[in-house]
Amino acid sequence: MLQLKNSSKKIDTVFIVSLFVLFAITAILLILIGARQYRFTADSMNRNYEIRTTSSYLTEKVRQSDTITGVSVVDFSIGPALALTSKQNNQAYTTYIYYYDGSLKELFVKEDTAFTPSAGQTIVQLHGFAPEVIHTGLIRITFTDTQNKDHCIYLDVNAASGKEI
C-alpha cells in the first residue's frame, strides 16, 4: 500500500510540473506574438504618420500660397525645392521647402536673402524629396519615406481660387 501512495505522488508531481511547463510555454508564445504584433503596428503607424504629415503639409502650404506667382520649383545646389512667395507689409518673403540631411525642411526668409540649408526647420524625416513642374499649373511632388517607399502627390497651382498678389 505504501508503494502505491509513492507512485501516486510521483504521478501527481509529474502532472503538476507538466501542466506548469505547458502554461509557461503558452505564456511565452503569447508574449512573443503580442510583441511582434506591437512592433508591426508601431512601424505601420510611424510610416502612415510620415506619409500623411508630408502630404497634408505640402498640400496645405501650396494652397496657402496659390497665387499667380506664388508657387514655383527652384533648383539649389542641394537639389530642387518648392518656393512659396508671399507679401507682408509690402515686403516680399519666400518660404522654401526642401530636402536636406535626411529631413524635409522649411525656411521662411525675405526675398533674395542668402541662407544655408541647415538653417531650415525640420518638418519630418524622409529619405528623398523631389518637386517638379509637370506643366503650367501642375506640380508633382515625389517623396521617399523612411522605409524607402516612394509616394507621389499632384498639386494644382494657380487654380481658379488663386488670387493675384
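Let's start with Thr94, which sits in strand 3; strands here are DSSP runs of E with at least two residues, helices are runs of H or I with at least four, and both are numbered from the N terminus. With a relative accessibility of 4%, Thr94 counts as buried, where buried means under 20% relative accessible area, exposed means over 50%, and partly exposed lies in between (1.4 Å probe, protein chains only). Setting aside residues up to four places away in sequence, Thr94 touches Ala83, Leu84, Thr85, Leu107, Phe108, Val109 and Glu111; a contact is a pair of heavy atoms within 4.5 Å. Asp145 is 51 residues from Thr94 in sequence, and their C-alpha atoms are 26 Å apart in space.

A word on the model itself. This is a predicted model, in which local features need pLDDT of at least 70 and side-chain atom pairs count only at pLDDT 80 or more, while totals for chains, interfaces and linings use all residues. Residues are numbered from 1 along each chain as its sequence is written, and side-chain values use heavy atoms, with hydrogens and water left out.

Now step back to the whole protein. Its secondary structure comes to one helix and eight strands, and along the sequence they follow the pattern α-β-β-β-β-β-β-β-β. The radius of gyration is 29 Å, well over the 15 Å that the globule rule gives for 165 residues, so the protein is more spread out than a compact globule. That radius is taken over C-alpha atoms, and the rule is 2.2 Å times the number of residues to the power 0.38. Along its principal axes, the C-alpha trace spans about 105 × 35 × 25 Å. Of the 165 residues, 29% count as buried. Among contacts with a separation of 6 or more, 32% join residues 24 or more positions apart.

Next, follow the chain out of strand 2 (79-88). Asn89 lies in the loop between strand 2 and strand 3 (91-100), and has a positive phi of about 55° although it is not a glycine. Asn89 is exposed, with a relative accessible area of 79%. Asp101 is found in the loop between strand 3 and strand 4 (103-110). This residue, also not a glycine, has a positive phi near 55°, and at 68% relative accessibility Asp101 counts as exposed.

Further along is Gln125, in strand 5 (residues 121-125). At 42% relative accessibility, Gln125 counts as partly exposed. Beyond its neighbours within four places in sequence, Gln125 is in contact with Glu50, Gly102, Ser103 and Thr146. Lys105 is 20 residues from Gln125 along the chain, and their C-alpha atoms are separated by 9.0 Å.

Finally, have a look at the largest pocket, which holds about 160 Å³ of space. Of the ten residues that line it, the closest to its centre are Gln64, Ser65, Leu84, Thr85 and Ser86. On a 1 Å grid over the protein atoms alone, a pocket is an open set of points where a 1.4 Å probe fits, with protein on both sides within 12 Å along at least five of seven lines, and lining residues have an atom within 4 Å of a point. Points are joined across faces, edges and corners, and the volume is the space filled by probe spheres set on them. Helix 1 (2-64) and strand 2 each supply at least two lining residues, and strand 2 gives the most, with four.
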